[in-house]
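Here is a short report on helix packing. Please read it alongside the sequence and the model.

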Amino acid sequence: MANERMNLMNMAKLSIKGLIESALNLGRTLDSDYAPLQQFFVVMEHCLKHGLKAKKTFLGQNKSFWGPLELVEKLVPEAAEITASVKDLPGLKTPVGRGRAWLRLALMQKKLSEYMKALINKKELLSEFYEANALMMEEEGAIIAGLLVGLNVIDANFCMKGEDLDSQVGVIDFSMYLKDGNSSKGSEGDGQITAILDQKNYVEELNRHLNATVNNLQAKVDALEKSNTKLTEELAVANNRIITLQEEMERVKEESSYLLESSRKGPKQDRSAEGQALSEARKHLKEETQLRLDVEKELELQISMRQEMELAMKMLEKDVCEKQDALVSLRQQLDDLRALKHELAFKLQSSDLGVKQKSELNSRLEEKTNQMAATIRQLEQRLRQAERGRQSAELDNRLFKQDFGDKINSLQLEVEALTRQRTQLELELKQEKEKRSQNRSTPGKGAQKPEPHPDGKRRLQEENVKQKRLEESHRLLTHSADEWGQPELSEKPQVCQLCQHDVSLRKSMCTNCRGTFCNACMAEELPLPSSIKPERVCNPCHKQLMKQYSTSPS
């Protein structure tokens, strides 16, 4: 009973909430064809029938919630109008139909919550109709009455005259309150599964209750069939007795007519005896007539009872059919719930698998991220080291330029002065050679070979040696400056890049590509854009520069 009360209260919450939301979204007056409203009345009917005491009648036990609803007019005078209107409706023949009509009229008045609260507060009056653990006698009834206050925002209009409220089947359609959870959130899915399991338990409990009711009705039908056969036998016996009484009555009439004729023909002395016999016959006739009337009344009573039994049998058959239809619909809803449960379980498994795959992917991505972060840190360290090396190289280059820049400039000036002096001396030597040749060609008196001036020749040789020394020192200084500017070249292997011979003792550097070559692979000289004088270059650079100079007009 506690489980039934909890399930009915949950169904009442769902139906009231769904009715209010759908009515507000619809935005118009509701009528009797609105499906959520019909389901609300079905749920209220089940709530009012829960724990209802059965009244014993001639046709059997009868459970009707019309009795408790009639008490409302005694508690709330405004409900007397509803009760009178329900009693005056011509199409209502059963107490169940009157109770359904009363609920609809109370909802139209927007006072259903007020009437239910007044009824629930009088537990001493409800104890006559309900059991002690019924929903109307416990806290769940007060909760449902409080929930009914929200229905005051709904406008409803029903036409009671043309509606058949006696023969409606009160079955709850659970498909209206079941929702497919495609949500991606696990908490909502667990809540829906829990709600579905609760509804499944309620449906199974209701199914067991209906099975017990059907079994009771089947037992009542068997008892009625037995009583019907017994009454049929008694009716046959009564008909046979009536036939015998009719035959005796005919015989008595014949005897009386015969006695009357004989009394008319016979002597007068026998009339007194015949009159006495006639009075006895009349008395016997009256008794037989009275007995016949009693038998006819009993026969009419038996016929009326038979008609009532047939009516009761028809109503029971109709009720059994309705219960069977309700069972079929409940089984179908149970199958739908099972299918929905399997579908939700499959979706839950698929979502768990997806979550597992995503977690594995996240772990792999985290590992790759950690590896990339470590690689980035290593690259940053290398970059800082390279930056420090570059800064130190720039500092060394700057210091070298500061130390040797002035010496290089002074040496270049001296080389230029010596070059000019050399050209001048070469010019003088040439002129001297021409004079000597002229002297040799013209013979003179006491001709003698003029000897060259020893001072000028010595002076010329000294100037040549000095110039060569300055050029060699200048070449060494420029070479060392290049090595200071590019310290990474010293780390290269000390072999020729073309012939791969060891050049550790006689290595040379190409001025263009800065490569290390032997003397045989650097036998050419060309002027470069960085210097006016011809510089030594390797054979590949010589070929490449010659092609560039031949193609470019400048």
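How do H1 and H9 lie relative to each other?

## H1 and H9

H1 and H9 are roughly parallel, since angles under 35 degrees count as such. Their axes come within 10 Å and cross at roughly 5 degrees. Axes are lines fitted to C-alpha atoms, for helices over the stretch in contact, with angles from 0 to 180 degrees between N-to-C directions. Helices are DSSP runs (H or I, at least four residues), numbered from the N terminus.

From H1, Arg 5, Met 9, Ala 12, Lys 13 and Ile 16 meet Glu 140, Ile 143, Ile 144 and Leu 147 of H9. Contact means heavy atoms within 4.5 Å. The residues of this contact divide into 6 nonpolar, no polar and 3 charged.

## Arg 5

Arg 5 sits in helix H1. Arg 5 is buried, at a relative accessible area of 12%. Buried means under 20% relative accessible area (1.4 Å probe, protein chains only). Beyond neighbours within four places in sequence, Arg 5 contacts His 50, Asn 133, Ala 134, Leu 135, Glu 138 and Glu 140.

## Helix H2

H2 spans residues 35–49. Of its 15 residues, 11 are buried, so H2 is largely enclosed by the rest of the structure. Among them are Phe 40, Phe 41 and Glu 45. The buried residues pack against helices H1, H3, H6, H7 and H9. Gly 51 follows H2, with a positive phi near 70 degrees.

## Basis

The model is predicted: local features need pLDDT of at least 70, side-chain atom pairs count only at pLDDT 80 or more, and totals for chains, interfaces and linings use all residues. Residues are numbered from 1 along each chain as its sequence is written, and side-chain values use heavy atoms, leaving out hydrogens and water.

Definitions and conventions
Helices (H or I, at least four residues) and strands (E, at least two) are DSSP runs, numbered from the N terminus. The expected span of a helix is 1.5 Å times one less than its number of residues. Buried means under 20% relative accessible area, exposed over 50%, partly exposed in between (1.4 Å probe, protein chains only). Angles under 35 degrees count as roughly parallel, over 145 as roughly antiparallel, 65 to 115 as roughly perpendicular and the rest as oblique. Ala, Val, Leu, Ile, Met, Phe, Trp, Tyr, Cys and Pro count as nonpolar, Asp, Glu, Lys and Arg as charged, and the others, Gly among them, as polar.
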